[in-house]
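These are my notebook entries on a structure that I examined. I record what I looked up, entry by entry.

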Amino acid sequence: MEQTMELGALGFWRHFLVGMLKPLAATAVVAMAVALSFTQRLGLEREMLSGIARAFLQLSVIGFVLQFIFAQKNNALWILLAYLFMVTVAGYTAGQRAKHVPRGKYIAGVSILVGTAITMSLLVALKIFPFTPRYIIPVVGMMVGNAMTATGVAMKKLRDDIKIQRNQVETALALGATPRQAILQQVKRSLGIALSPGIDNAKTLGLISLPGAMTGLIMGGASPVEAIQLQLVVKNMLMGASTFSSILSSYLC
């Protein structure tokens, strides 16, 4: 099936249903996990089943949406709409993680928007990716997801540390420090915790496991060398977007 086949095209639904047989067969592994949870009395069976059901539903829906978008003519408009939708959901999710941060959802949303926009603009300006939905939307999705995680962790950790070390911060302010100077150590600690997983992942890239983008390309028939090149670009942009977004959130908190 051509990737640009429209949803109403002859044979689209048949190909889709046939293609879903393998993912359905793979749920046998989940059934084993559910059985283990039940026998060990972990109480995670419902969450496992609901999580997999949501994954099937959400990925199927986004697949149809992308199929529709890729067939449209006005690329810029659809890229913008998809981008704003992802940032909105990511901002809400990151803000939920940092519930006690005032205007947390707004801060997270703005931080993710600015951080990912800077990174993507640079990649497009350098002509690393063409400005088309097929390239930009998946790439932006990866950046927004990583920025969301880093921003949520940074905001929550910063808020918790300031709360725990309130006396220390107030003392620094009384001695004439600026608000930023007074919480500098807390900011460094929160950003270190938020960004460390990505940095550690970069250090072990290719040694412990093959990254998702690289694996997908290789399984799709691409040369391993070409897959490595794209994966390096992906890793660079994820680290950049996460760093920009999390640092900005520390200023806005």
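**Entry 1: α5 and α6.** I looked up how α5 and α6 pack, and found that their axes come within 9 Å and cross at roughly 140°. Axes here are lines fitted to C-alpha atoms, for helices over the stretch in contact, and angles run from 0 to 180 degrees between N-to-C directions. Helices (H or I, at least four residues) and strands (E, at least two) are DSSP runs, numbered from the N terminus. The helices α5 and α6 are therefore oblique to each other; angles under 35 degrees count as roughly parallel, over 145 as roughly antiparallel, 65 to 115 as roughly perpendicular and the rest as oblique. I noted that α5 passes α6 in a right-handed crossing. A crossing is right-handed if the near helix is turned clockwise from the far one by less than a right angle, and left-handed if anticlockwise. On the α5 side, the contact (heavy atoms within 4.5 Å) includes I107, S111, I112 and M120. On the α6 side, V140, M143, V144 and A147 are among the residues that take part.

**Entry 2: Basis of the model.** I noted that this is a predicted model, in which local features need pLDDT of at least 70, side-chain atom pairs count only at pLDDT 80 or more, and totals for chains, interfaces and linings use all residues. Residues are numbered from 1 along each chain as its sequence is written, and side-chain values use heavy atoms, with hydrogens and water left out. The pLDDT is the predictor's confidence in each residue, from 0 to 100. The protein chain averages 88, and 96% of the residues score at least 70. Confidence is highest in α5, at 94, and lowest in helix α1 (residues 12–19), at a mean of 79.

**Entry 3: The chain as a whole.** I found eleven helices and zero strands in the protein chain. Its C-alpha atoms fill a box of roughly 75 × 55 × 35 Å along the principal axes. Of the 253 residues, 28% are buried; buried means under 20% relative accessible area, exposed over 50%, and partly exposed in between (1.4 Å probe, protein chains only).

**Entry 4: α4 and α5.** I then turned to α4, which packs on α5 at an angle of about 135°, with the axes 7 Å apart. These two helices are therefore oblique to each other, and α4 passes α5 in a right-handed crossing. Among the residues that meet are Y83, L84 and V87 in α4 and I112 and L113 in α5.

**Entry 5: L113.** Leaving aside neighbours within four places in sequence, L113 is in contact with Y83, L84 and V87. The C-alpha atoms of L113 and A182 are separated by 27 Å, and these residues lie 69 apart along the chain.

**Entry 6: Nonpolar cores.** Which residues touch the most other members of the largest nonpolar core? I recorded I112, V140, M143, V144 and M237, out of 27 residues. Such a core is a set of buried Ala, Val, Leu, Ile, Met, Phe, Trp, Tyr and Cys residues joined through side-chain atoms within 4.5 Å. The elements giving two or more residues to this core are α4 (75–97), α5 (104–125), α6 (133–164) and α11 (224–252). The most come from α6, with eight residues. Not counting residues up to four places away in sequence, V140 touches Y83, M86 and M120. Apart from this core lies another, of eight residues, including L158, A182, L191 and A194.
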